[in-house]
Amino acid sequence: MSDNQEKDLVCPACGEIMKKVFIPDAGINIDICIDGCGGIFFDNREFNKFDEPNESVDEILRMVEGRTFKKVDESEQRKCPLCRIPMVKMGSGKGGVQIDVCNKCGAKFLDNGELLKIREGGEVDNTKTDELMNSLYKENLRNVLGENANKPIKSSPRRQFFEDLARKFF
Ligand SMILES: [Zn+2]
Ligand SMILES: [Zn+2]
């Protein structure tokens with residue numbers, strides 16, 4: 001058991017305690033900053049199964065629905081809440097999706113503003129959803145799928161999860 005499985009995490013962007021959730025359909029472990037900035041922290045254990053609170057996307061959306069999140073400076077350097085070392089910015093910037101990555105444990109942090117970029121003008125931008133999936137899961141996918149990892153996964157439950165989040169997060 002790592003620390004992360006027992007302890008609630010402190011949001012790397014705003015310092016609030018995050019809510020730990022596991023999405024069985026998408027096979028994703030996340031900590032969401034429900035009471036703070038709305039950021040999402042992805043630890044690196046998404047292919048493991050264990051006894052964490054199980055939630056559906058709908059339950060998450062119900063939790064965040066109607067909430068206004070704290071504004072945070074997305075250009076600020078974050079520290080990994082697990083390793084306490086600085087995270088590195090990844091992604092294209094310039095209107096593209098950008099995330100913070102911990103090079104030690106592989107954890108990633110997504111600002112809620114990044115989900116807004118995916119959903120522009122009410123529509124979910126498929127290119128940006130792909131970009132986000134790639135930034136978040138490329139190394140993991142490579143391990144699991146070998147060379148097929150570079151092919152876009154168009155209709156996986158995981159991708160659906162991100163589309164749903166982007167569509168309804170605010
Ligand atoms: Zn936060
Ligand atoms: Zn870390």
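Colleague: Leaving aside its neighbours within four places in sequence, which residues is Lys70 in contact with?

Modeller: This is a predicted model, to start with. In it, Lys70 is in contact with Cys14, Glu16, Asp35, Gly36 and Cys37, once neighbours within four places in sequence are left aside.

Colleague: Which of those side chains makes a polar contact with the side chain of Lys70?

Modeller: Glu16 does, and the polar contact between the two side chains is 2.9 Å.

Colleague: And where does Lys70 lie?

Modeller: Lys70 is in the loop between H2 and E4. Its C-alpha is 9.9 Å from that of Ile34, and the two residues are 36 apart in sequence.

Colleague: Why does Lys70 count as partly exposed?

Modeller: Because its relative accessibility is 37%, and partly exposed covers what falls between the 20% limit for buried and the 50% limit for exposed.

Colleague: Cys14 and Cys37 were in that contact list. What are the protein donors of the zinc ion (ligand 1)?

Modeller: The zinc ion (ligand 1) has Cys11, Cys14, Cys33 and Cys37 as its protein donors, each through SG, and they lie 2.3 Å from it.

Colleague: Which parts of the chain does the pair Cys11 and Cys37 tie together?

Modeller: Cys11 is in the loop between helix H1 (3-6) and E1, and Cys37 is in the loop between strand E2 (28-32) and strand E3 (40-42), so the pair ties together parts 26 residues apart in sequence.

Colleague: Is Cys11 buried or exposed? And Cys37?

Modeller: Cys11 counts as buried at 3% relative accessibility, and Cys37 counts as buried at 2%.

Colleague: On to the zinc ion (ligand 2). Which residues coordinate it?

Modeller: Cys80, Cys83, Cys102 and Cys105 coordinate the zinc ion (ligand 2) through their SG atoms, at 2.3 Å. The donor residues are spaced C-x2-C-x18-C-x2-C in sequence.

Colleague: Where do Cys80 and Cys102 sit in the chain?

Modeller: Cys80 is in the loop between helix H2 (57-64) and strand E4 (88-91), while Cys102 is in the loop between strand E5 (98-101) and strand E6 (108-110). The pair links distant parts of the chain, 22 residues apart.

Colleague: Why is the arrangement around the zinc ion (ligand 2) tetrahedral?

Modeller: Because its four donor atoms subtend angles of 106 to 113 degrees, and four donors count as tetrahedral if all angles lie between 85 and 135 degrees.

Colleague: How exposed are Cys80 and Cys105?

Modeller: Cys80 is buried, with a relative accessible area of 1%. Cys105 is partly exposed, with a relative accessible area of 22%. Cys102 is buried, as Cys80 is.

Colleague: What about Arg84, what is its phi?

Modeller: Phi of Arg84 is near 60 degrees, a positive value in a residue other than glycine. Arg84 is in the loop between H2 and E4, and it is exposed, with a relative accessible area of 57%.

Colleague: Now the strands. How do E4 and E5 run?

Modeller: E4 and E5 run antiparallel, joined by four bridges. Lys89 stands opposite Asp100 in E5. E5 also runs antiparallel to E6, with two bridges between them, and Val101 stands opposite Lys108 in E6.

Colleague: What do E5 and E6 form?

Modeller: A hairpin, with six residues between the two strands. Gly106 in the turn has a positive phi of about 85 degrees.

Colleague: Another lysine, then. Is Lys20 buried or exposed?

Modeller: Lys20 is buried, with a relative accessible area of 10%. It is in strand E1 (residues 19-23), and its side chain makes a polar contact of 3.2 Å with the side chain of Asp31.

Colleague: Last thing, the chain as a whole. How many helices and strands does it have?

Modeller: The protein chain has five helices and eight strands. From the N terminus on, their order is α-β-β-β-α-β-β-β-α-β-β-α-α. Of the 170 residues, 49% are buried. Among contacts between residues at least 6 apart in sequence, 56% join residues at least 24 apart.

Key:
Residues numbered from 1 in each chain as written. Chains lettered and ligands numbered in written order. Predicted model: local features only at pLDDT ≥ 70, side-chain atom pairs only at ≥ 80, totals over all residues. Heavy atoms only, no water. Buried < 20%, exposed > 50% of the residue type's maximum accessible area, 1.4 Å probe, protein only. Polar contact = N/O pair within 3.5 Å; in protein donor to acceptor, adjacent residues only side chain to side chain. Donors = N, O, S within 2.8 Å, 3.2 Å for Na, K, Ca; no water. Tetrahedral: all angles 85-135°; square planar, octahedral: opposite > 155°, others 65-115°. Contact = heavy atoms within 4.5 Å. Pairing = 2+ DSSP bridges.
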